[in-house]
Amino acid sequence: MSIQIKGTGCFVPEKVLSNQDLEKIVDTTDEWITTRTGIKNRHIAPEDMPTSDMALAAAKNALENAGISADDLDFIIVATSSGDHPFPSTACVLQGKLGMKKKCQCFDISAACSGLLYSLDTGANLLRGHKNYRYGLMIGAEKLSYLADWKDRATCVLFGDAASAVILEKVDDGSDESCLLATDLGADGSCVSLLLHPAGGTAIPVTAENVDTHENALNMNGPEVFKHAVPAMVSAAKTVLADANIPADRLRWVIPHQANKRIIDAVAARLDVTEDHVYVNIQNYGNTSAASIGLCLDELSRSGQLQKGDLVLATTFGAGLTWAAALIRW
Ligand code: COA
């Protein structure tokens, strides 16, 4: 029995918000954003497009790529921090929108930017653990434009909207292989306050007052998050390489979470990986949180830059603080 990647997909909303557009909204410059983050553009979903609609488009794209139908799926996991509702899960909403007759299990994962890798790890184990399961759909979908504080120049320039999807398949081939050669996941709950959406839950219910003070918008201590991000992503990446006994020079691609080009460069340098093996698309999308890794995988796959058997190391970091790395054989 082996676990393989059967297909990928993505969806990016049409509307582009450039650094020049942001210069008209907050006190910033294209020069500051480009040199401090590497971001040039991000995509923004229309007001009437909930996260589940982006997830739906990415799911259909991946199902087509995999050559299977929605009713072949045995579970749906949506990784998101910006779901349609506090409950039910966006995965349930998505199942309804896919019009599935098969009432498979559906749930969300809240692991911020590490969400897709958390989902892949969980999804691979679900396939292994259920005799009759064959296909699982994992989605990373975010409408962070809705959570952003558009008066805070330190955060609103960083994020973008998108969804990405990966379909895993269990193949009864007599082997015991997985496309996930090794994974390393973790979290440090003592750092919750560094990056969070404070209000809107039971800790700080939404009131007219905290809407005015932007407490119901994304809140981040950027420099502190930066300090934690690099060592956590590097440590997780080194752990999976050591677990799988694969040297970094055998990697076709390293895909760091696309949060800041300076973070990406620092991670690549510490892993001793050259630029031509590091995938970067942050200039086009900004930080799309849980969608980021899947967006990279889908772009690489569809542009022919990933061949069967290639080794890919994805490493992420996000609110929680969470981190995750996965060594993937394509
Ligand atoms: N435009 C212009 N100036 C800005 C600005 C903007 N958009 N945002 C912040 N500044 C200013 C600050 O006010 C500060 O001014 P001051 O020196 O007069 O006080 C100056 O730029 C430096 O701010 P600082 O926050 O120290 O900058 P930085 O180099 O740390 O970059 C981040 C800020 C947010 C880009 C960076 O810390 C970062 O990327 N952190 C990680 C965040 C992240 O990845 N989060 C998601 C995790 S998944």
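**Close-up views**

View A. P88 falls in the loop that runs from strand 4 (73-79) to helix 4 (90-98); helices (H or I, at least four residues) and strands (E, at least two) are DSSP runs, numbered from the N terminus. This is a predicted model, in which local features need pLDDT of at least 70, side-chain atom pairs count only at pLDDT 80 or more, and totals for chains, interfaces and linings use all residues. Residues are numbered from 1 along each chain as its sequence is written, and side-chain values use heavy atoms, with hydrogens and water left out. The F87 to P88 peptide bond is cis, with omega about 0 degrees.

**View B. G320 and L321 are joined by a cis bond.** Omega is near -5 degrees here. L321 sits in the loop between strand 12 and strand 13 (322-329). Most peptide bonds are trans.

View C. For N245, phi is about 55 degrees, although N245 is not a glycine. N245 belongs to the loop between helix 9 and strand 11. N245 is exposed because its relative accessible area is 66% (buried is under 20%, exposed over 50%, partly exposed in between; 1.4 Å probe, protein chains only). S289 has a phi near 50 degrees. Its loop links helix 11 (282-285) and helix 12 (292-302). S289 counts as buried because its relative accessibility is 4%.

View D. The shell around the ligand holds 24 residues, of which T28, R36, R153, G222 and N260 come nearest (a residue is near if one of its heavy atoms lies within 4 Å). An N or O atom in the T28 side chain is 2.6 Å from a ligand nitrogen. A polar side-chain atom of W32 is 3.3 Å from a ligand oxygen. For N260, a polar side-chain atom is 2.7 Å from a ligand oxygen. The ligand has 960 Å² of accessible area on its own, and the protein covers 73% of this (Shrake-Rupley method, 1.4 Å probe). Helix 2 (30-37), helix 7 (153-156), helix 9 (222-244), helix 10 (261-271) and strand 12 (311-318) each give two or more residues to the shell. Helix 9 gives the largest share, four residues.

**View E. S145 contacts D161 through its side chain.** S145 is part of helix 6 (residues 144-147). S145 is buried because its relative accessibility is 13%. The polar contact joins the two side chains at 2.6 Å (N or O atoms within 3.5 Å; within protein, one must be able to donate a hydrogen and the other to accept it, and residues adjacent in sequence count only if both atoms are side-chain atoms).
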